[in-house]
Amino acid sequence: MKKNIQRIGKKEAQYIQEVLDSNFRASDNKNMLGRLEEAFSKKFGVRYSVGHINGTATLHSALFAAGVRAGDEVIVPPLTMSATAMAVLQQDAVPVFADVREETFQIDPVSIEKLITSRTKVIITVALYGLAPEMDDIMRIAQKHDLIVIEDDAQCFLGKYKNKTVGSIGHLSSFSFQNSKHMTSGEGGMVCTNNSKYADDVRKFSVLGYAGVSAKKGKITKDDIQNPNYDRHVQMGYNYRMSELCAAVALGQVEHLEELVQRRIDVAKLFLRAIENCSWLIPQKTPSHCRNTYWAFSVRLVHPHITWREFRKKFMKLGGDGIYAAWKLTYMEPMFQNMNFSGKENVIKRIYEGKLQKYKKGLCPVAETIQPQILAFKTNYWDWNRAVKQADILKKTIKFYDKR
């Protein structure tokens, strides 16, 4: 029997209190953001980490640092939360959708390479449900075509790919601290890189283009702002800096991140045992060279007579907490079907003159096949008995259908 754990513990409360005790005076507080960035870099084995207000702002900043400008193409997977593609649109660039692999649900390197054009600037990978894509293949493609790789690792903390920490492989990586993630500060995010220029560009872009900030420096000084001749803004930027309160919580989370991640892995093992004799629930395949950190435990329902909704309804009737669906493929969302990009469509249409990828059914056939099949089970059970009970309910649900 595994012990129950606390998601939010004493350290988070201690660091919040330190910030409150400072009365938010910049000269008095403990610079939680700087402490968090240093701790995060150490934990993930990268040189630079830059805190942000959320995990979409992180992607926007990373795309800017990677040199993406109006009309450039960025290759993305369609099977993920649409914010990945939205960040591309925010930079006046064009998302180009690559298909995924059926077994792992991850972006397919073969599909990526087929889509590269003279306009392609960046490949965004997504470590979906806690599993890394085939990063070696993707990095080789990027090197061959002189492209930048941004890892969207919102769902993968302390995952491994061939003994490398996920988030340290691409040129830049993006993490989200939204409340469903492995670690959280309610909202927030981080951009990581080993490249000092990328880090400087990310910082300036995310902090209003201030001259006095850099990869390792998140704020301008009093000497700067008390000088009437100080040139503050060297470029246009956004106000994406993480707050000290969020940084305080996130710092506490980093300090027991291994425990938070391991709990999700342990819960996933319960679910794996629950389905081990079921031929029609096929789990996301984790290659032997990867460590899946299971933001969610995902399976494909491939039974000829059981619908997705029917299975979920029965699971919940037996006491299950519910099952999440995979996101509708991004290009099938109304915003893409109707080209409603809040004004960005005018920039894209003018540059492309009708040469856009057609956002319609058939674009990514593998993703279109598996998306309606995916059942995603929660893994964030801090009460171990509750996790055991959920796995048992899953077994009972399978048994019910096998007896019919």
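Is threonine 84 buried or exposed, and at what relative accessibility? At 3% relative accessibility, threonine 84 counts as buried (under 20% relative accessible area, with exposed meaning over 50% and partly exposed in between; 1.4 Å probe, protein chains only). The model is predicted, so that local features need pLDDT of at least 70 and side-chain atom pairs count only at pLDDT 80 or more, whereas totals for chains, interfaces and linings use all residues. Residues are numbered from 1 along each chain as its sequence is written, and side-chain values use heavy atoms, with hydrogens and water left out.

Threonine 84 lies in helix 4, which spans residues 83-90; helices (H or I, at least four residues) and strands (E, at least two) are DSSP runs numbered from the N terminus. The side chain of threonine 84 makes a polar contact with the side chain of aspartate 152 at 2.8 Å. A polar contact is a pair of N or O atoms within 3.5 Å; within protein, one must be able to donate a hydrogen and the other to accept it, and residues adjacent in sequence count only if both atoms are side-chain atoms. Helix 4 also forms a right-handed β-α-β unit with strand 2 and strand 3; right-handed denotes a path from the first strand over the helix to the second that runs clockwise, with the strands pointing away from the viewer.

Strand 2 (residues 73-76) and strand 3 run parallel and are joined by 4 bridges, where pairing requires at least two DSSP bridges between two strands. Valine 76 has phenylalanine 97 of strand 3 as its bridge partner. In a regular strand the side chains alternate between the two faces of the sheet. Strand 3 (residues 94-97) is covered on both faces, with Val94 and Val96 buried on one side and Pro95 and Phe97 buried on the other. In the loop between strand 3 and helix 5 (109-115) lies phenylalanine 105, which has a positive phi of about 70° although it is not a glycine. Phenylalanine 105 counts as buried, at 1% relative accessibility.

An open sheet is formed by 4 strands in the order 10-12-14-13, with antiparallel pairing. Strand 10 (281-283) and strand 13 stand at its edges with a single partner strand each, so one side of each is left without a neighbour in the sheet. Strand 12 (residues 296-301) pairs with strand 14 over 5 bridges in the antiparallel sense, and arginine 300 stands opposite isoleucine 374 of strand 14.

The largest pocket has a volume of about 670 Å³. It is lined by 32 residues, of which Gln155, Gln178, Ser180, Lys181 and Trp295 are the closest to its centre. On a 1 Å grid over the protein atoms alone, a pocket is an open set of points with protein on both sides within 12 Å along at least five of seven lines, a cavity is a set where a 1.4 Å probe fits but cannot get out, and lining residues have an atom within 4 Å of a point. Grid points are joined across faces, edges and corners, and a volume is the space filled by probe spheres set on the points. Strand 14 supplies the largest share of the pocket lining, 3 residues.

By this rule there is 1 cavity of 30 Å³ or more. The largest cavity is lined by Pro77, Leu79, Phe105, Gln106, Ile107, Val126 and Leu128.
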